[in-house]
Amino acid sequence: MTERTKTDRAASWGAAVWAAGVPAALVALPLLAHGRLPERLATHWGDGSPDGSMPLWAAALLPALLWAVLALSLFFAGRRGGSPSKAWVGAVLLSGGVFLAGTQAAIVRANLDQADWRDAGPVGSGMSATAVAAAAAGVLGLLAGRRAAPPAAPAQPVAGEIMEIPAGERRIWLSRTSNPWLRLTAALTGLAAAAAAVAAAGGLLSGAQWAVISPFALASIALVACSSVQARVTEAGLEVSFGPLGRPVRRWAAGDIVSARSETRSPAQVGGWGYRIGGLGTTVMLRSGECLVVRPREGAEFAVSVDDSARGAALLNAYSANRQADA
């Protein structure tokens, strides 16, 4: 399976989890709070006061139907638009889901513990926060989608441990690996955190809401950061970036690397999946197989499971040797 296929499959799973989770939250939020809501919910405000309402069942189902129309439209747009449009589709999908969920939470909170919908509170602050969160989600989705484009295949094979670079030429090596199961787990824990946040915004959680939200949110962030990795070798040295946004980043200058090699490793050897520290040094383990292993002048060895690691090691050794010769 190619890296592009893995990336597309992981993105499809993440989109499916998000597409199913958003309508579930939209419907569940008012239904879970039905005992504290009036028979009709205020759903529209004019000049700060409620001036329109819906039955509770309609207020629960209408946003879910709007989401279904949006998600299906984006699905077909993504299939027709090809790879360049996938970042845009993902951005709109994230932004739209956050906006609808935030709007639903603001409406439920405004109607909570009111006998009549006309007594509902204002939604201005809730909608402002929702707009900011939706815009931020859209930007993050756009950045992540653009970064997910697979790198071009290297043009020249490597024979030996040190690549010969003709005078006057500069070469760059780039490889990326992702683990779709870590991404799926990150999506599930993130969805749980989002659901808890929506419930808290709707007034259904009180006091201990951060004790519910924080563990899922932190787990999702950690899993996202460890679910994909990109290794890049340039004349400056080695750069290893994590996650869909390429953050955080670890860097080694070419002159600070003693040697680099390709080595086969498995999760059993390094103690599991993700960012592992053990007897073999530090290993970023996303799949069994070849790893790029570097030995810096200071500290333990660092390994990252990426394809075409022999070529990357050979190029890094060449740049390291050049820096040592110039020193």
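This is a predicted model: local features need pLDDT of at least 70, side-chain atom pairs count only at pLDDT 80 or more; totals for chains, interfaces and linings use all residues.
If you zoom in on S3 and S4, you will find six bridges joining them in the antiparallel sense. Trp-173, for instance, stands opposite Val-233 in S4.

Next, the nonpolar interior. In soluble globular proteins, nonpolar side chains tend to be buried together. Here the largest nonpolar core has 26 residues, and those touching the most other members are Val-229, Leu-238, Val-240, Leu-292, Val-294, Phe-302 and Val-304. At least two residues of this core come from each of strand S4 (228-234), strand S5 (237-242), S7, strand S10 (289-296), strand S11 (302-304) and helix H8 (309-326). The biggest contribution is that of H8, with six residues.

Phe-302 is a handy place to look around. Setting aside neighbours within four places in sequence, Phe-302 is in contact with Val-240, Phe-242, Arg-250, Trp-252, Tyr-275, Thr-282, Val-284, Leu-292, Val-293 and Val-294. There is also a second, separate core of 21 residues, with Val-17, Trp-18, Val-22 and Ala-101 among them.

Now turn to helix H5, residues 180-201. Its 22 residues reach 31 Å from the first C-alpha to the last, close to the 32 Å expected at 1.5 Å a residue. At the start of H5, a side-chain oxygen of Asn-179 comes to within 2.9 Å of the backbone nitrogen of Trp-181. Several H5 residues are buried, including Leu-182, Leu-184, Thr-189, Leu-191 and Val-198.

Finally, consider Arg-265, found in strand S7 (residues 257-265). Why does Arg-265 count as buried? Because its relative accessible area is 2%, and buried means under 20%. What do we find around this side chain? A polar contact of 2.7 Å joins it to the side chain of Glu-263, and another, of 2.8 Å, links the side chains of Arg-265 and Thr-283. Beyond its neighbours within four places in sequence, Arg-265 is in contact with residues including Val-270, Leu-280, Met-285, Ser-288, Cys-291, Val-293 and Glu-301.

Notes: Residues are numbered from 1 along each chain as its sequence is written. Side-chain values use heavy atoms; hydrogens and water are left out. Helices (H or I, at least four residues) and strands (E, at least two) are DSSP runs, numbered from the N terminus. Buried means under 20% relative accessible area, exposed over 50%, partly exposed in between (1.4 Å probe, protein chains only). A polar contact is a pair of N or O atoms within 3.5 Å; within protein, one must be able to donate a hydrogen and the other to accept it, and residues adjacent in sequence count only if both atoms are side-chain atoms. Contact means heavy atoms within 4.5 Å. A nonpolar core is a set of buried Ala, Val, Leu, Ile, Met, Phe, Trp, Tyr and Cys residues joined through side-chain atoms within 4.5 Å. The expected span of a helix is 1.5 Å times one less than its number of residues. Two strands pair if DSSP finds at least two bridges between them.
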